[in-house]
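Please keep the structure open beside the text as you read.

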Amino acid sequence: PTPLSRLLEQTPKSTLVAGHPRDTSCLPLTARRELLISRKLYQPWIEDYLAIIRPRMFDTIEALYGASRRDILELRTRYGVDHLLVPGRRQLGRPRLPGMEPFGDLARRLLEETKARDRPILFLPERCRVFPEEADNTVERLYDLTCVADAW
């Protein structure tokens, strides 16, 4: 397992993780923790399941690419997300959602509408970062959303 997976294995079994759908796909296998959504969990051909996963995917994309702190905090209040995995700054500049429309279009639109300085995902409180140990915005980082809510 990766260092991130090892860290998540130490969290309670009930821990729910959100993050970019492309980056979270292997966490259920390596960290044995539940995900809000991922590319692998997005199975749109099951109608009842689509009603659950579609809003989760939209909300995740809006939290990662949008200009609202509320969108990030709603992952916690609406779904009970404990940790948010944030891609590196460079990855957040490119949606990386091939074949996943309309979510790629939404991410591209949000990127066009929002200046980097107005995207709260890039400025989460450092004291709430639980991974990695060193501050580095070029790699993926894990944040405690309860801490983020308290800090904001």
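## The disulfide

A disulfide is a pair of cysteine sulfur atoms within 2.5 Å. The structure holds one disulfide, formed by Cys 128 and Cys 147 with their sulfur atoms 2.1 Å apart. The pair links distant parts of the chain, 19 residues apart: Cys 128 sits in the loop between helix H6 (103-113) and strand E4 (129-131), while Cys 147 belongs to helix H7 (residues 145-151). Helices (H or I, at least four residues) and strands (E, at least two) are DSSP runs, numbered from the N terminus. The link of Cys 128 and Cys 147 is left-handed, with -70 degrees about the S-S bond.

Are these two cysteines buried or exposed? Cys 128 is buried, at a relative accessible area of 1%, and Cys 147 also counts as buried, at 16%. Here buried means under 20% relative accessible area, exposed means over 50%, and partly exposed lies in between (1.4 Å probe, protein chains only).

## How the model was read

This is a predicted model, in which local features need pLDDT of at least 70 and side-chain atom pairs count only at pLDDT 80 or more, while totals for chains, interfaces and linings use all residues. Residues are numbered from 1 along each chain as its sequence is written, and side-chain values use heavy atoms, with hydrogens and water left out.

## Salt bridges

Side chains of opposite charge can pair when their charged atoms come close. A salt bridge is a side-chain nitrogen of Lys or Arg within 4 Å of a carboxyl oxygen of Asp or Glu, and a search of the whole structure finds eight of them. One of these joins Arg 78 to Asp 59, with the closest N and O atoms 2.5 Å apart. This pair links distant parts of the chain, 19 residues apart, with Arg 78 in helix H4 (residues 69-79) and Asp 59 in helix H3. Asp 59 is buried, with a relative accessible area of 15%.

Helix H4 also holds Arg 70 and Glu 74, four residues apart, about one turn of the helix. Their side chains meet in a salt bridge (3.4 Å, N to O), and Arg 70, Asp 71 and Glu 74 are linked in a network of salt bridges. Arg 70 counts as exposed at 54% relative accessibility, whereas Glu 74 is partly exposed at 32%. Another salt bridge forms between Glu 126 and Arg 129, the closest N and O atoms being 2.7 Å apart. Glu 126 is partly exposed, at 38%, but Arg 129 counts as buried, at 14%.

## A positive patch

Which residues form a positive surface patch? They are Arg 22, Arg 39, Arg 90 and Arg 94. Patches are made of residues with over 30% relative accessible area and no salt bridge, with like charges joined within 9 Å and nonpolar side chains (Val, Leu, Ile, Met, Phe, Trp, Tyr) within 5 Å. Accessible areas come from the Shrake-Rupley method with a 1.4 Å probe; for residues, only the protein chains shown count as cover. Lys and Arg count as positive and Asp and Glu as negative, with His and the chain ends not counted. The place of a charge is taken as NZ of Lys, CZ of Arg, CG of Asp or CD of Glu.

Arg 39 lies in the loop between strand E2 (34-35) and helix H3 (47-65). Arg 39 is partly exposed, with a relative accessible area of 34%.
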